[in-house]
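Good morning, everyone, and thank you for making the time.

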Amino acid sequence: ITTGESSSLSWSVTGATSLSINQGVGTVTGTGTSVSPTTTTIYTLTATNATGSTASAATVTVVPPGTVVTPSISPNGGTFTSTQSVTLSTTTSGATIRYTTDGTTPTSSVGTVYASAFTLSSTTTVKAIAYKLGMNDSVVASATFTKTSTSGGGSGGGGTPPTPTTPPSPIPPTVPPAPIVV
């Protein structure tokens, strides 16, 4: 069974004057009972009458719950210039995803429940977790999206405006000296 589930123990006994099961179950009647152990447990049924007692054991194996698959964030972070659409998904059927965009860590009770793609318009870290009743919560996924400017440097401000330069004066061509005649 999985943690939180129950299992039926059944038996057939003839001539017993009392029946009991260990592990806190105690005295039982009839031909069966239900148990809900949290870990694998060996239950021993003891049947007693005037001539003595006999016992029989049964093991109820408890399998720990699985873990929900970590959500995928698509795209997985990066840069964008105007807005960025983000989608979240998990391969665990029936799991719910919660996400945050304010730097906090989502849990099964904190964050926005994901329903459809959402749009980012500023630098943001998206964090997401997936959860499902009866399973362990996923690991938190995280992706950082950085908004970059399209104007090649923004509005500037505070800098010194460029100083116009005067082109150099042209240099007159060099004239070779006149030949000297003797």
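I will go through a strand pair, then the cores, then some rings, and finally a few residues in loops.

Please keep in mind throughout that this is a predicted model.

Let me begin with strand 5, which covers residues 41-49, and strand 6, which covers residues 52-60; these two pair in the antiparallel sense over 9 bridges. If you follow the chain from strand 5 to strand 6, you pass through a hairpin with 2 residues joining them. To find your place in this pairing, look for Y43, which stands opposite A58 in strand 6.

Which residues have the most contacts inside the largest nonpolar core? That core has 16 residues, and the ones with the most contacts inside it are I73, V86, L88, F118, L120, V126 and F145. At least two residues of this core come from each of strand 9 (84-89), strand 10 (96-100), strand 12 (118-120), strand 13 (124-131) and strand 14 (141-147).

Next, the aromatic rings, of which a search of the whole structure finds 3 pairs. Take Y99 and Y114: their ring centres are 6.2 Å apart and their planes stand at 75°, so this pair counts as edge-to-face. Because Y99 lies in strand 10 while Y114 sits in the loop between strand 11 (112-113) and strand 12, the pair ties together parts that are 15 residues apart in sequence. Are these two tyrosines buried or exposed? Y99 has a relative accessibility of 13% and so counts as buried, and Y114, with a relative accessible area of 17%, is buried as well. Y114 also pairs with F118, and here the centres are 6.4 Å apart with the planes at 75°, so this pair, too, is edge-to-face. F118 is buried, as Y114 is, and the ring pairs link Y99, Y114 and F118 into a cluster.

Let me turn to the loops. In the loop between strand 9 and strand 10 you will find T92, which is buried because its relative accessible area is 12%, under the 20% cut-off. Not counting residues up to four places away in sequence, T92 touches V68, V69, K132 and M135.

P65 lies in the loop between strand 6 and strand 7, and at 22% relative accessibility P65 counts as partly exposed. P65 and G4 are 61 residues apart in sequence, yet their C-alpha atoms are 9.3 Å apart in space. Beyond four places in sequence, P65 touches T2, T3, G134, M135 and N136.

Finally, two points about the backbone. Most residues other than glycine have a negative phi, and most peptide bonds are trans. Q23, however, has a positive phi of about 60° although it is not a glycine; Q23 is found in the loop between strand 2 (18-21) and strand 3 (26-28), and is partly exposed at 49%. The peptide bond from S74 to P75 is cis, with omega near -5°, and P75 lies in the loop between strand 7 (72-74) and strand 8 (78-80).

Note on methods
Residues are numbered from 1 along each chain as its sequence is written. This is a predicted model: local features need pLDDT of at least 70, side-chain atom pairs count only at pLDDT 80 or more; totals for chains, interfaces and linings use all residues. Side-chain values use heavy atoms; hydrogens and water are left out. Two strands pair if DSSP finds at least two bridges between them. Helices (H or I, at least four residues) and strands (E, at least two) are DSSP runs, numbered from the N terminus. A nonpolar core is a set of buried Ala, Val, Leu, Ile, Met, Phe, Trp, Tyr and Cys residues joined through side-chain atoms within 4.5 Å. Buried means under 20% relative accessible area, exposed over 50%, partly exposed in between (1.4 Å probe, protein chains only). Rings of Phe, Tyr and Trp (its six-membered ring) pair if their centres lie within 6.5 Å; planes under 30 degrees apart count as stacked, over 60 as edge-to-face and the rest as tilted. Contact means heavy atoms within 4.5 Å.
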